[in-house]
Amino acid sequence: DRGVCHVSACCQCLVGCCGDVFGRVLLSDEVATRLGRGLLVKAMWLVCSVMEAVVMLPVLGAGQGDEASAEEDRMKEESRRAAEEAERKAEDKALREAEEASARDAAERKRAEEETALKRRSLPPEPPQGEGVVTVLVRLPDGGRLAPRRFSASDKVQVLYDYVHVSATPEGGGPAPAWVRQGFDLVSNMPVRAYRDKGVSVGEAEMSGQVMLMVQAHAA
């Protein structure tokens with residue numbers, strides 16, 4: 001703004017000087033006598049006004065250009081701030097979702113650990129070898145085997161499932177295998193049978209002597 005005012009003042013000074021010289025010529029005695037001083041004064045100021053308008057055109061154009069540039073800068077700044085705000089909101093959302101997922105995972109791990117601890121405590125003691133005792137061998141999905149364990153014929157089939165669950169899960173609170181979390185069935189090859197009724201006793205499920213069972217994981 002100061003630059004525009006300075007240029008404008010210079011232009012007006014220039015016009016004034018030109019008008020003064022022009023006026024001196026027009027108002028000489030000879031010209032004034034022929035045309036009349038009043039008419040010459042009007043002509044002089046008309047010429048000066050036109051000269052001033054012509055000189056001021058670049059100045060006015062420069063001012064309008066500065067206003068357009070300022071508006072463009074303002075729009076760019078608003079766009080930058082909007083982009084930064086959108087990015088900040090996206091980062092906050094991602095962080096919040098990650099924290100919620102972490103909290104869910106922690107709650108699920110705690111629930112699974114408590115369930116495993118309860119099953120471990122509820123397992124009946126292993127009975128001595130004798131009448132009404134069934135020895136169970138279990139083969140795991142990864143090809144491993146559990147150590148043979150004796151169960152009473154009166155124990156529920158659920159106890160066998162709990163034994164497999166507890167034996168396959170680390171005692172230190174580590175994660176259980178995926179097939180434990182997904183669920184599984186205990187099946188036998190001879191005869192081919194799946195022991196899904198966990199409410200009946202081992203004897204009622206027609207297990208006797210020594211039984212080989214396989215863990216069949218549920219589909220994910």
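The model is predicted: local features need pLDDT of at least 70, side-chain atom pairs count only at pLDDT 80 or more, and totals for chains, interfaces and linings use all residues. Residues are numbered from 1 along each chain as its sequence is written, and side-chain values use heavy atoms, with hydrogens and water left out.

Start with the fold. The protein chain holds five helices and five strands. Both are DSSP runs numbered from the N terminus: helices are H or I with at least four residues, strands are E with at least two. In sequence order the pattern is α-α-α-β-β-α-α-β-β-β. Of the 220 residues, 26% count as buried. Buried means under 20% relative accessible area, exposed over 50%, and partly exposed in between, with a 1.4 Å probe and protein chains only. Take contacts (heavy atoms within 4.5 Å) between residues at least 6 apart in sequence: 62% of them join residues at least 24 apart.

Now the rings. A pair of aromatic rings is described by the distance of the centres and the angle of the planes. Rings of Phe, Tyr and Trp (its six-membered ring) pair if their centres lie within 6.5 Å; planes under 30 degrees apart count as stacked, over 60 as edge-to-face and the rest as tilted. The count comes to three aromatic pairs. In one of them, the centres of Phe151 and Tyr163 are 5.5 Å apart and the planes stand at 75 degrees, so this pair is edge-to-face. Phe151 belongs to strand β2 (residues 145–152) and Tyr163 to helix α4 (residues 157–168), so the pair ties together parts 12 residues apart in sequence. Phe151 is buried at 0% relative accessibility; Tyr163 is buried at 10%.

Tyr161 and Phe184 make a stacked pair, because their centres are 5.4 Å apart and their planes at 25 degrees. Tyr161 lies in helix α4 and Phe184 in strand β3 (residues 184–188), so parts 23 residues apart in sequence are tied together. Tyr161 is buried at 3%, and Phe184 at 8%. Tyr161, Trp179 and Phe184 form one aromatic cluster.

Charges also meet these rings. A charge sits over a ring if NZ of Lys or CZ of Arg is within 6 Å of the ring centre and within 35 degrees of the ring normal. The charged end of Arg149 sits over Phe151, 4.7 Å from the ring centre. Lys198 lies over the face of Tyr161, at 4.3 Å.

Last, the loop. Ser201 is found between β4 (193–194) and β5 (210–217). Ser201 is buried, at 9% relative accessible area. Leaving out residues up to four places away in sequence, Ser201 touches Ala153, Ser154, Asp155, Lys156 and Val157.
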